[in-house]
Amino acid sequence: MDDIRLRPWTDDDLAVELRNNAPEMTALLGGPLDEDTVRRRHERLLRGQADGTVSPFTVWADAADEPVGTAAYWETEHGGRPVYECGWFVFVPYQRRGYAGRAVRLLLEHAAMRGDRDTVFAFPRTDNAPSNALARSAGFVDTGVEDFEYPKGVPIRVNAWRFDLRALR
């Protein structure tokens with residue numbers, strides 16, 4: 001099995017962000033965004049990384065000479081409490097190899113080491129079977145269906161998956 005590692009986001013990862021914006025990668029997220037929006041999101045990731053509010057990574061596998069996906073967590077609130085939210089992508093040619101599950105595990109370990117929040121949430125759409133299965137297998141607890149917006153202004157229904165970071169400390 002390939003080793004997986006997370007590499008902190010860099011300015012060079014705009015190409016990764018643009019690759020994530022393909023129809024096959026965004027079908028359950030409202031579809032591709034225009035390039036200017038993707039560039040602004042990339043800049044927000046870099047600013048958030050610099051100020052510590054976002055922890056974005058590219059996912060690398062030993063068997064690939066390019067990133068196989070991305071994973072990130074960021075500060076937010078849920079139910080009036082400070083928590084992290086996380087998300088992940090694995091590019092189509094690299095799916096079904098276990099990369100996403102191992103990347104999410106590394107992401108959770110990274111968030112736990114920060115020690116400033118006890119909970120991470122993931123909010124996959126209710127019809128996103130692979131992401132819901134990954135959340136379950138990674139040890140998240142399904143807390144129920146919620147209304148959400150993604151992208152901003154587009155209502156969707158999601159499963160709210162909670163992970164207790166204290167279990168990793």
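This is a predicted model: local features need pLDDT of at least 70, side-chain atom pairs count only at pLDDT 80 or more; totals for chains, interfaces and linings use all residues.
H5 runs over residues 129-137, and its buried residues are Ser 131, Asn 132, Leu 134 and Ala 135. Looking down the helix axis, these buried residues fall within an arc of 160°, so they line one face of H5.

What do the buried residues of H5 pack against? Three elements: strand S4, residues 81-90; helix H4, residues 99-114; and strand S7, residues 155-164.

Next, the ends. At the N-terminal end, Asn 128 is the cap for H5. One of its side-chain oxygens sits 3.1 Å from the backbone nitrogen of Ser 131.

Let's move to Trp 9. Where is it? In the loop between strand S1, residues 4-8, and helix H1, residues 14-20. Buried or exposed? Trp 9 is buried: its relative accessible area is 4%, and the cut-off for buried is under 20%.

So who touches Trp 9? Set aside the neighbours within four places in sequence. The contacts are then Val 16, Glu 17, His 42, Leu 45, Leu 46, Gln 49, Pro 56, Phe 57, Thr 58 and Thr 70.

One last distance. Trp 9 and Thr 37 are 28 residues apart in sequence. In space, C-alpha to C-alpha, Trp 9 and Thr 37 are 18 Å apart.

How values were computed:
Residues are numbered from 1 along each chain as its sequence is written. Side-chain values use heavy atoms; hydrogens and water are left out. Buried means under 20% relative accessible area, exposed over 50%, partly exposed in between (1.4 Å probe, protein chains only). Helices (H or I, at least four residues) and strands (E, at least two) are DSSP runs, numbered from the N terminus. The arc is that of the directions from the helix axis to the C-beta atoms. Contact means heavy atoms within 4.5 Å. A polar contact is a pair of N or O atoms within 3.5 Å; within protein, one must be able to donate a hydrogen and the other to accept it, and residues adjacent in sequence count only if both atoms are side-chain atoms.
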